Amino acid sequence: MTPGDSVPVTKIAQWQRTSLLVGICGVLLLIVGFLLDRDQALRSYLFAYLYWIGMGLGSMGILLLHHTVGGKWGMVIRRMCEAGSRTLPYMAILLIPILLSIPILYPWAQPEAVRDANIQAKAGYLNVPFFLVRVVIYFLIWTFYSWRLSKWSALQDETTDRTRAEILISKMRAVSAPGLVVFVFITSFAFIDWVMSLEPHWFSTIYGLMFLVGQVLETFAFLIALLIVLSEWSPLKDYVTVQHLHDLGNMMFAFMVLWAYLSFSQFLIIWAGNLPDETPWYLRRLQGGWEWVALALVVFHFATPFVLLLMRKTKRHAGRLIKVCLLMIVIRMVDVYWVVEPAFYRQQIRIHWLDFVTPVAIGGLWLSLFFWQLKSRPLVPMKDPRLQGAPRETVAF
């Protein structure tokens with residue numbers, strides 16, 4: 001380790017301590033909110049949890065994608081993706097309050113559900129024991145891929161043999177290719193269980209994938225912003241090029257367009273079909289004040305970043321790109337709120353102070369876990385033969 005390498009490690013350790021302190025303060029406020037209004041605290045907690053576990057799941061999705069397709073764009077964020085994916089086992093602990101509150105949050109688990117023929121028709125899937133079994137399966141699979149890829153990545157750091165390093169690359173690719181299919185499948189079902197079943201009378205066949213793409217999008221925004229910050233110091237300073245930022249900006253743009261395509265397709269098909277079991281989901285989100293949130297999503301989740309990321313100079317300038325990333329991070333939280341909260345407040349938009357506290361509480365805890373994992377490994381996989389050397393074109397801030 002060179003003297004320059006110790007600078008980001010010190011910064012990351014400082015960020016970890018700050019995040020943990022903020023998370024603890026947020027948890028204390030959340031406990032106060034729980035004592036004052038139990039139901040509101042649980043609803044806000046669910047919204048915040050879904051947003052922040054998306055960072056871990058998005059990190060795993062990007063990691064699997066990188067190992068499957070290769071590409072030098074993923075080399076500079078690989079260690080961040082590995083760190084994010086290793087937070088998932090700990091997020092299982094933070095899911096416990098939601099699992100203990102299933103009868104409060106989910107209508108299909110409430111006593112009056114036995115009188116609802118529509119819900120009873122889905123009882124074979126929507127029941128508490130099977131719900132819990134699926135949760136265990138999800139986290140076991142996510143943890144397996146996180147552990148397996150991180151272990152091989154660590155072994156690659158220790159090897160001095162180029163042939164051995166390439167064998168490990170082949171192993172990671174062989175696991176990641178089918179793993180990407182498994183990941184998309186089970187993660188889509190996880191979001192169906194945790195989010196779509198809040199309104200058990202409604203369903204959409206692309207809902208899980210749409211939510212997953214949005215989570216990968218927010219993760220790309222977070223990782224690019226963090227990469228830009230850390231690229232001011234070694235070792236990333238010696239490897240991050242303008243082309244890396246350009247490629248990563250293109251990846252974020254692609255997932256943003258895919259999210260918009262899936263979202264509009266779902267809206268268009270349901271609205272055109274005009275069926276009584278489907279349109280209420282959008283009606284609840286397009287009246288009572290929610291319509292302004294929907295308009296904000298159209299403008300800031302799609303139109304504005306679409307125009308900005310179309311411009312080559314935005315993706316090749318660190319200062320401009322990080323602003324777009326920060327916009328995406330914030331607007332994704334608004335999108336998750338718009339999807340989750342109308343399931344509870346169907347007539348009128350209602351913003352509670354706990355809706356601000358819980359994202360801070362869970363976010364502080366998740367970031368502290370992320371930075372803890374990030375500082376435990378070198379920021380760059382130095383022994384990977386695909387890693388670029390020193391850049392010819394410096395990054396502009």
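**Overall size.** I began with the radius of gyration of this predicted model. The chain has 21 Å, which agrees with the value near 21 Å that a compact globule of 397 residues would have. I then looked up the extent of the C-alpha trace and found spans of about 65 × 40 × 40 Å along its principal axes.

**Fold and packing.** I counted 16 helices and zero strands in the chain. Buried residues make up 55% of the 397. Among contacts with a separation of 6 or more, I noted that 82% join residues 24 or more positions apart.

**Aromatic pairs.** My list came to 36 aromatic pairs. I opened Trp142 and Trp194 next: their ring centres are 6.1 Å apart with the planes at 75°, so the pair is edge-to-face. Trp142 sits in helix 8 (residues 128-158) and Trp194 in helix 9 (residues 162-194), so this pair ties together parts 52 residues apart in sequence. I checked burial too, and both Trp142 and Trp194 are buried.

Then I turned to Phe185 and Phe189, a tilted pair at 4.9 Å centre to centre with 50° between the planes. They are four residues apart in helix 9, which means a separation of about one helical turn. I have Phe185 down as exposed, at 54% relative accessible area, and Phe189 as partly exposed, at 30%.

**Cluster.** Last, I traced one aromatic cluster whose members include Phe191, Trp202, Tyr207, Trp271 and Trp338.

Definitions and conventions: Residues are numbered from 1 along each chain as its sequence is written. This is a predicted model: local features need pLDDT of at least 70, side-chain atom pairs count only at pLDDT 80 or more; totals for chains, interfaces and linings use all residues. Side-chain values use heavy atoms; hydrogens and water are left out. Helices (H or I, at least four residues) and strands (E, at least two) are DSSP runs, numbered from the N terminus. The radius of gyration is taken over C-alpha atoms; the globule rule is 2.2 Å times the number of residues to the power 0.38. Buried means under 20% relative accessible area, exposed over 50%, partly exposed in between (1.4 Å probe, protein chains only). Contact means heavy atoms within 4.5 Å. Rings of Phe, Tyr and Trp (its six-membered ring) pair if their centres lie within 6.5 Å; planes under 30 degrees apart count as stacked, over 60 as edge-to-face and the rest as tilted.
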